[in-house]
Structures are given as C-alpha cells and as structure tokens.
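Keep the sequence and the 3D view open while reading.

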Amino acid sequence: MNNFYDKKSRFKLIMLAFASIIVMASIVFSNKLAKDLSQEEQKRMDIWAEAYQIMASSENTNSFFIDVISSNTTIPLIITDDHDSIANYNNLDLPKKNVDEYLQKKLELFKEQHDTNTLVITTDITDSEGNLVMDEQGRQQQFVTTYYLYYGDSILLQRLAYFPYVQLGIITFFFLVAFFAFSFSKKAEENQVWVGLSKETAHQLGTPISSLLAWTELIKTGQADEEMIGHMEKDVNRLRMVAERFSKIGSQPDLEPLPLKPLLTDAIEYMKRRVSKKVIFNLNFSGSDDIVIMANHALFEWVIENLCKNAVDAMAGKGSIQIDIEKTDQNVQMDFTDSGKGIPKAKYKTIFNPGFTTKTRGWGLGLSLTQRIVENYHKGKIFVRSSEINKGTTFRVILPLAAI
C-alpha cells in the first residue's frame, strides 16, 4: 500500500515539475518576443525621428516622409524643446482633466523607458517680404532649434509584457480547479471503494458464517456426524480463502505456475452450487487443455466468480454461460459469454469504474476488483469483447502463460 502512495506522490511531483517547465518556458519565450518587439519599435522611432527632422527642416513635402510619420499609430511619443517644455505629442489617450499633469507624468515615464532621440531642426530666416536673409559673406542664414523625442511602449508591447503573468495566473487557476476536482472525484471514488469493500467482505463472509452457526446448533443437540464435519471444513476453508483474498488487495501477491483447467473447473463447480439450476455452464478448451498460467490461486478464483456472478445477474438467474479458452504463443485468452441483457457500447469502459452497477441492491465493486486483479496483479487484460442488447455479452480475459 505504501508503494501505491509513493507512486501517487511521484506522479504529483512529475506533474508539478512539468507544469513549472511549461510556465517557465512560456515566460522566457514571451520575454524574448517582447525584447524583439521593443528593438523593432526602437528602429521604427529612429526612422520616424529622421523623417520628422527632414520634414520640419525644409519645405519638402515628399509623400514618403509623410507616410513614415503618419504610419505611427501605436507608439506614444512626446516632443520637447531644450527647456523640457512639451512642444508636441501623439498616440496618447488624454484625460478630460489635468492634461498637463498627465503629460508630465508620461514624459517622466518615457524618459525611464527609452533613450531620447535628438531632433536638430533648421529653418531658413526670411525678411518681411519673404526673401532669404544673407550674412556679410553672402551665406544664407538659418535658425537652428533642438528638440528631443521621447517615446513609450506601444499597447501591443505592454500587453505582451503582461501576457506571461496573465498566462501564469490562468494556468495556476486551471491547475487548482483540476486539482480540487481530481481530489474530490478521487475522494468520492475511494469512499465508494471502501464502502464496497466492506459490503463485499460482509457478503463473502456471510454464507460460510451462517452455515457454521447452523452446524454449531446441530452440534449442541448432539447430532454431529462425519458428513457434518466435512461440511464445516468446507465452510472454514471458505472463510480462510475470503480472508486470504482481502489480505492481498493493496499489496503485490505472489504468482505461481498454475494449471488453468482444474482452476476453472473448481471455480465453476463452486458457482454451480451457488446459483440457480436454470443456469447452464459450458467450458470449452480449444486445442490444448494443459495450459499453465502465472497466477495467484485465491485471487484468480475470485476473478472467475465475479465474472460468473455478473453473468448470472445479467441473465436474471436463467440462461447459459459459455467459457471458451484459446492458447496463443505467449498468452491465453478466456472468453466469458452470457445470454443476458447486454451492455450499451458507451458503457464498455464505465462498467469497470468503482460504484457503477445496474442492480438496485449492488455496490458496483465486482468488475472493478476483477479489473484490478487481472491488470494490476496479473499483468493481463480484461475488456468487453462484444455485446448485443437482449442477446448477451462476452468478456475477454488475457493472461500471460507460465514460462516452463
């Protein structure tokens, strides 16, 4: 049992490590994208600043420069003079009040985010008549003004910067929901298993205990004989077998080479005495009947009993149970076919879940235990091979052969 919980703990640690790797990889990748985008925006602003400087320094109205300037619709910017007074701005969502205060705060933020672009703008000096003003050496006089361009991150870059943390929050929320849902479902399943096991234990012990109580009353009256002692021995052996079965649930049982035919024959003979005479059992070995499997005697008999009980319940105590055995190279296939009410295809896997039952007084543990015994303890397979409503169902059990 400790091994089972150790495996669960290791599985949780693996899942946690896997989730952490996903989160870290996502954050690293998103940060790289944000860095690449920031570099691209810096290049765009360098080009924008150069185009703005050319346009402001001349009367050139080249459409190329106009397109470059007007193409910036996402990156917020502020232009100041050499006295740090705001001369122009763009792509800012201005508030209705305290605009100047808002612009100053944005300016301080932009200064922290990116280096400034210096804009040296030269304009021709003209007289009142619009003529160019020349100096004494006949050189054209120009007025030089220095401005500074500050810009911030675009909306896309801001969203990308926050994306890893939003993603981390979503993943964390998802894992929390999944964890609590899984814990709740596992807890409910465990409760069903424990309730089912307690009821199954009481059911398994009930018949031999009742018989022993009856034999005890007969002994008190002095009516004991050799036949009675033989029946009592059978009931005691049955109690021992039930105790052995339940003691092996939760731990890895010892497997040994066992001849399959006597194992099946004894289990079927036991079931014949327990069910209605209207149920007919047919055991058919295709080919070799000296098949030897690796199995635990007490647990594998339980598998046969559970499958036969399930078939009897499906037939309402009247019909036939056909057991076909076929040997392959490394395995043996056992088909248990009943003539009962059948199983819908959508429930082929559901019937093995703890708690699933179609009986009004059942507790839905027989097939779940059967699957655990076959697959976990005997390294085999069990599944619904075929089923047809109102005609019957075939369960197939596959077990490895013993290496002789």
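In helix α8, the buried residues are Leu367, Ser368, Leu369, Thr370, Ile373, Val374 and Tyr377. The model that shows this is a predicted one. The chain has 404 residues, of which 32% count as buried, and it holds eight helices and 11 strands. Among contacts with a separation of 6 or more, 69% are between residues 24 or more positions apart.

**Helix α8 and its end**

- Helix α8 has 12 residues, and its first and last C-alpha atoms are 16 Å apart, close to the 16 Å expected at 1.5 Å a residue.
- Just after α8 comes Lys379, with a positive phi of about 55 degrees.
- Lys379 belongs to the loop that runs between α8 (366-377) and β10 (381-388).
- Is Lys379 buried or exposed? Its relative accessible area is 60%, so Lys379 is exposed, the cut-off being over 50%.

**Helices α7 and α8 together**

- Two packed helices are described by the angle between their axes and the distance between the axes.
- For α7 and α8 the angle is about 145 degrees and the axes are 9 Å apart.
- The crossing of this pair, α7 and α8, is left-handed.
- On the α7 side the contact is made by Leu299, Trp302, Val303, Asn306, Leu307 and Asn310.
- On the α8 side the contact is made by Gly366, Leu367, Leu369, Thr370, Ile373, Val374 and Tyr377.
- Among these α8 contact residues, Leu367, Leu369, Thr370, Ile373, Val374 and Tyr377 are also listed as buried.

**Helices α6 and α7 together**

- At what angle do the axes of α6 and α7 cross? The axes of α6 (residues 260-274) and α7 (residues 297-314) cross at roughly 50 degrees and come within 10 Å.
- That angle makes α6 oblique to α7.
- The crossing of α6 and α7 is right-handed.
- From α6, the residues that meet α7 are Leu260, Leu263, Leu264, Asp266, Ala267, Tyr270 and Met271.
- From α7, their partners are His297, Phe300, Glu301, Ile304, Glu305, Cys308 and Lys309.

**Helix α6 by itself**

- With 15 residues, α6 reaches 21 Å from its first C-alpha to its last, close to the 21 Å expected at 1.5 Å a residue.
- Buried in α6 are Leu260, Leu263, Leu264, Ala267, Ile268, Tyr270 and Met271.
- Why do these residues lie on the same side of α6? They cover an arc of only 155 degrees around the axis, which puts them on the same side of α6.

**Cys308 in helix α7**

- Cys308 sits in helix α7.
- With a relative accessible area of 0%, Cys308 is buried, since the cut-off is under 20%.
- Apart from its neighbours within four places in sequence, Cys308 is in contact with Met271, Phe281 and Ile321.
- One of these, Met271, is also among the α6 residues that meet α7.
- Cys308 and Asp338 are 30 residues apart in sequence, and their C-alpha atoms are 8.7 Å apart in space.

**Helix α3**

- The residues Leu103, Leu107 and Phe110 of α3 are buried.
- They cover an arc of only 65 degrees around the axis, and this puts them on the same side of α3.
- An α-helix has 3.6 residues a turn, so residues three or four places apart point the same way.
- Lys105 and Glu112 are exposed and are carried on the face of α3 turned away from its buried side.

- Most residues other than glycine have a negative phi.
- Asn91 is not a glycine, yet it has a positive phi of about 60 degrees.
- Asn91 lies in the loop between β2 (86-90) and α3.
- At 25% relative accessibility, Asn91 counts as partly exposed.
- Asp36 is a residue of helix α1 (residues 2-57).
- Asp36 has a relative accessible area of 32% and is partly exposed.
- Asp36 and Leu157 are 121 residues apart along the chain, and their C-alpha atoms are separated by 9.9 Å.

Note on methods: Residues are numbered from 1 along each chain as its sequence is written. This is a predicted model: local features need pLDDT of at least 70, side-chain atom pairs count only at pLDDT 80 or more; totals for chains, interfaces and linings use all residues. Side-chain values use heavy atoms; hydrogens and water are left out. Buried means under 20% relative accessible area, exposed over 50%, partly exposed in between (1.4 Å probe, protein chains only). Helices (H or I, at least four residues) and strands (E, at least two) are DSSP runs, numbered from the N terminus. The arc is that of the directions from the helix axis to the C-beta atoms. Axes are lines fitted to C-alpha atoms, for helices over the stretch in contact, and angles run from 0 to 180 degrees between N-to-C directions. Angles under 35 degrees count as roughly parallel, over 145 as roughly antiparallel, 65 to 115 as roughly perpendicular and the rest as oblique. A crossing is left-handed if the near helix is turned anticlockwise from the far one by less than a right angle, and right-handed if clockwise. Contact means heavy atoms within 4.5 Å. The expected span of a helix is 1.5 Å times one less than its number of residues.
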